[in-house]
Amino acid sequence: MGNIFSRSVSDSGTERNKRSLESEEVRQSKRVRTDQNVKESDVGIEAFVNPGLQGFHSILKYRAEDFLVNEVDMDNNIIHLVSLEGPSTNQKTNILEPEEFDQRMANIFGQEFSQQFRDFLNKPEDKDAMVTTTANKDQRIEFYHLVENSLETKINSRGKEGQLIIRWPNSEDDYQDEYIEWDKMPGEYLQVHMYKSSIDTMNAINIISSKSGVHAKHFGYAGTKDARAITTQALTLKRVKPGRLLKAKDELLKSGIYIGDYKYVPKGLTLGDLGGNHFTIVLRNVQGISEENVQTSLESLRDNGFLNYFGMQRFGTSTVLTHTIGCAIMKREYEEASNLILYPREGEREDYANARQVWKDTKNAEAALAIFPKRAMPERKLLGFYSRFPEQHKKAIKSLPKHLLSLYSHAYQSYVWNRVVSERAKRYGCDKPLVGDLVLVENENTKPNKQNSKKANAGRRNFADRKVPKILTEEDVDKYSILDIVYPLPGKLSVYPENEMKEVYRAVMAEDGIMMDGKEYFEGLNGDYRAILAKPRNMNWSCIRYNNPEERLCNTDVDRLQALPEPTGVEDGQYLALKVEFTLGTSQYATMALREVMRAETSSQAQSAILHH
């Protein structure tokens with residue numbers, strides 16, 4: 001644990017350190033015009049593990065580096081960007097002494113060329129030097145084989161119009177043109193660490209794909225990271241030479257993307273192949289609480305954990321929350337779902353509002369499509385369909401991308417889960433299991449999944465290890481702690497608690513016209529289980545005083561690469577900031593952990609309205 005009373009002197013922030021969230025704010029402003037008053041209670045977030053904590057005023061995500069996310073791999077290593085250098089792909093095992101190498105070169109092209117080539121190799125500082133010779137196909141093949149297997153020095157060579165041209169490689173050619181014997185590599189997947197700022201994972205991958213020429217479908221990743229943060233995570237690419245990425249380095253930097261820590265590994269990444277995420281978060285302008293009570297609150301979070309809610313970002317940023325759309329789709333009310341996506345909604349910018357009003361008033365798909373902003377993907381997709389097939393609401397909704405349809409239905413599952421867990425916390429507290437609650441145990445009937453093992457990229461998890469739910473009885477309830485308890489996300493195969501909370505599930509869904517036992521509502525949704533409590537690991541904290549609201553208060557991975565000193569604040573500064581670090585498991589929300597101690601609304605709209613004062 002850090003020293004919460006630590007205050008030390010540091011240089012004030014420079015212009016270089018003022019990396020504001022302007023790009024993200026601009027992105028938000030393209031759609032959101034005013035405060036939309038979306039509250040946590042709208043999505044079922046209503047309770048706390050420790051209701052007695054005081055709470056305090058603070059500003060979350062004021063600057064990009066105030067919210068750092070570093071992926072944690074399956075071995076619980078925190079992923080950092082530590083090097084931008086390309087990897088060693090040199091698997092040569094038959095390096096020859098210069099005399100023997102020169103003799104073999106003379107056997108191919110003659111003694112004169114062999115000496116010219118040796119003179120070239122002896123002057124690596126002359127980056128503009130070039131050696132050429134006439135060569136037929138057989139000679140070029142023999143040359144390539146000799147160089148690739150027996151010459152340790154990297155060179156660039158190519159055949160053109162009967163000539164063999166040899167020069168020194170630049171930093172990209174060094175890897176782009178290199179021949180790789182994949183069977184001699186540690187694995188055929190190139191693994192890199194990606195650092196990005198103010199852009200989400202999929203957009204970052206699309207940018208890398210565009211700049212490197214590697215199709216986005218070839219990228220593997222363990223988890224998606226939000227745009228409103230600076231994040232570092234692992235990516236894998238099958239049989240891709242590092243030069244494809246290295247040559248795009250400068251272009252990627254323009255988008256705030258750094259690629260480094262290159263290495264080859266035997267298995268690629270698939271979604272879920274991670275141990276969690278490590279967060280470094282700065283809360284600025286902390287007010288309304290003593291430092292002693294801040295420490296008490298953080299100790300409670302560390303020792304008791306927090307309710308493992310699905311956070312506000314799960315439900316979107318609009319007044320039309322995504323779970324309401326999911327609910328309409330699950331009830332097969334496709335016209336209603338379409339209206340929720342397309343009709344006017346409170347608080348949006350004028351260009352969105354105008355397009356929505358045109359659709360509502362005229363149902364003219366072409367006219368609305370012509371003025372809808374390009375970034376309005378769901379709306380434009382629906383209108384494009386309606387322009388060809390008017391009134392075909394079911395088919396229009398089904399024309400949306402699968403991942404978007406999943407997002408809507410998963411949001412409704414998350415909403416129900418939040419509502420039920422809030423009710424359980426209010427009725428029974430968060431200190432012990434109940435008879436009838438669920439835990440996950442080993443599945444004794446699992447058979448090895450042969451199909452997965454044959455896939456080109458089956459990922460790094462063993463799905464045969466997937467656990468199954470067990471209902472607690474009077475005899476075994478004392479064998480488990482509250483941290484073992486899981487509650488289901490509704491689905492066709494979900495097992496529900498055998499206590500009062502089962503009827504809460506039934507009642508919450510009935511409010512929305514969904515019958516818990518009606519499998520027709522859960523098309524494509526088998527259900528899942530989620531721990532009701534989460535406890536941060538590797539948690540520490542400290543306080544920092546500062547004067548300039550824009551001052552850099554936390555170093556990123558790139559700052560450390562550049563050897564910048566760690567910010568320590570200004571002694572007796574005007575403002576107080578709280579720096580908190582912790583590790584959470586997969587699909588756990590840092591904002592929900594902070595909510596336990598802040599007692600403040602965590603939506604992006606609520607936080608963006610808070611200013612220094």
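## Charges over aromatic rings

The charged end of Arg284 is placed over the ring of Tyr546, at 5.6 Å from its centre. A second case involves Arg595, which lies over the face of Phe48, 4.0 Å from the ring centre. A charge is taken to sit over a ring if NZ of Lys or CZ of Arg is within 6 Å of the ring centre and within 35 degrees of the ring normal.

## Basis of the model

This is a predicted model, in which local features need pLDDT of at least 70 and side-chain atom pairs count only at pLDDT 80 or more, while totals for chains, interfaces and linings use all residues. Residues are numbered from 1 along each chain as its sequence is written, and side-chain values use heavy atoms, with hydrogens and water left out.

## Aromatic pairs

Rings of Phe, Tyr and Trp (its six-membered ring) pair if their centres lie within 6.5 Å; planes under 30 degrees apart count as stacked, over 60 as edge-to-face and the rest as tilted. By this rule there are 20 aromatic pairs. Phe120 and Trp168 form a stacked pair, because their ring centres are 4.6 Å apart and their planes stand at 15 degrees. This pair links distant parts of the chain, 48 residues apart: Phe120 is in helix H3 (residues 111-121), and Trp168 is in the loop between strand S5 (163-167) and helix H5 (173-176). Helices (H or I, at least four residues) and strands (E, at least two) are DSSP runs, numbered from the N terminus. Both Phe120 and Trp168 are buried, where buried means under 20% relative accessible area, exposed over 50% and partly exposed in between (1.4 Å probe, protein chains only). The two residues also belong to one aromatic cluster, formed by Phe101, Phe109, Phe113, Phe117, Phe120, Phe143, Tyr144 and Trp168.

The rings of Tyr352 and Phe372 have centres 6.3 Å apart and planes at 80 degrees, so this pair is edge-to-face. Tyr352 lies in helix H12 (residues 350-362) and Phe372 in the loop between helix H13 (365-371) and helix H14 (377-388), so the pair ties together parts that are 20 residues apart in sequence. Both Tyr352 and Phe372 are buried.

## The second largest cavity

Rolling a probe the size of a water molecule over the atoms shows where empty space is left. On a 1 Å grid over the protein atoms alone, a cavity is a set of points where a 1.4 Å probe fits but cannot get out, and lining residues have an atom within 4 Å of a point. Grid points are joined across faces, edges and corners, and a volume is the space filled by probe spheres set on the points. By this rule there are two cavities of 30 Å³ or more.

The second largest cavity has a volume of about 70 Å³. Its lining consists of Leu84, Leu245, Leu246, Lys249, Leu252, Leu253, Ile257, Tyr258, Ile259 and Tyr262. Helix H7 (243-246), helix H8 (249-253) and strand S9 (257-265) are the elements that give two or more residues to this lining; S9 gives the most, with four residues. The lining divides into nine nonpolar residues, no polar and one charged. Here Ala, Val, Leu, Ile, Met, Phe, Trp, Tyr, Cys and Pro count as nonpolar, Asp, Glu, Lys and Arg as charged, and the others, Gly among them, as polar.

## Paired strands

Seven of the nine residues of S9 are buried, so this strand is largely enclosed by the rest of the structure. Strand S6 (residues 189-197) runs antiparallel to S9 and is joined to it by seven bridges; strands pair if DSSP finds at least two bridges between them. Lys196 stands opposite Ile257 in S9.

In a regular strand the side chains alternate between the two faces of the sheet. Strand S3 (residues 130-134) has a covered face, Val131 and Thr133, and an uncovered one, Met130, Thr132 and Thr134. Five bridges join S3 to S5, and the two run antiparallel. Thr133 stands opposite Leu164 in S5.

## Residues with positive phi

Most residues other than glycine have a negative phi. Arg332 has a positive phi, near 65 degrees, and is found in the loop between helix H10 (322-330) and helix H11 (334-342). At 40% relative accessibility, Arg332 counts as partly exposed.

Phi of Arg599 is also positive, near 60 degrees. Arg599 lies in the loop between helix H20 (590-598) and helix H21 (604-608) and, at 22% relative accessibility, counts as partly exposed.

Methods: 1 Å grid on protein atoms, 1.4 Å probe; cavity = no way out; pocket = protein on both sides within 12 Å on 5 of 7 lines; lining within 4 Å.
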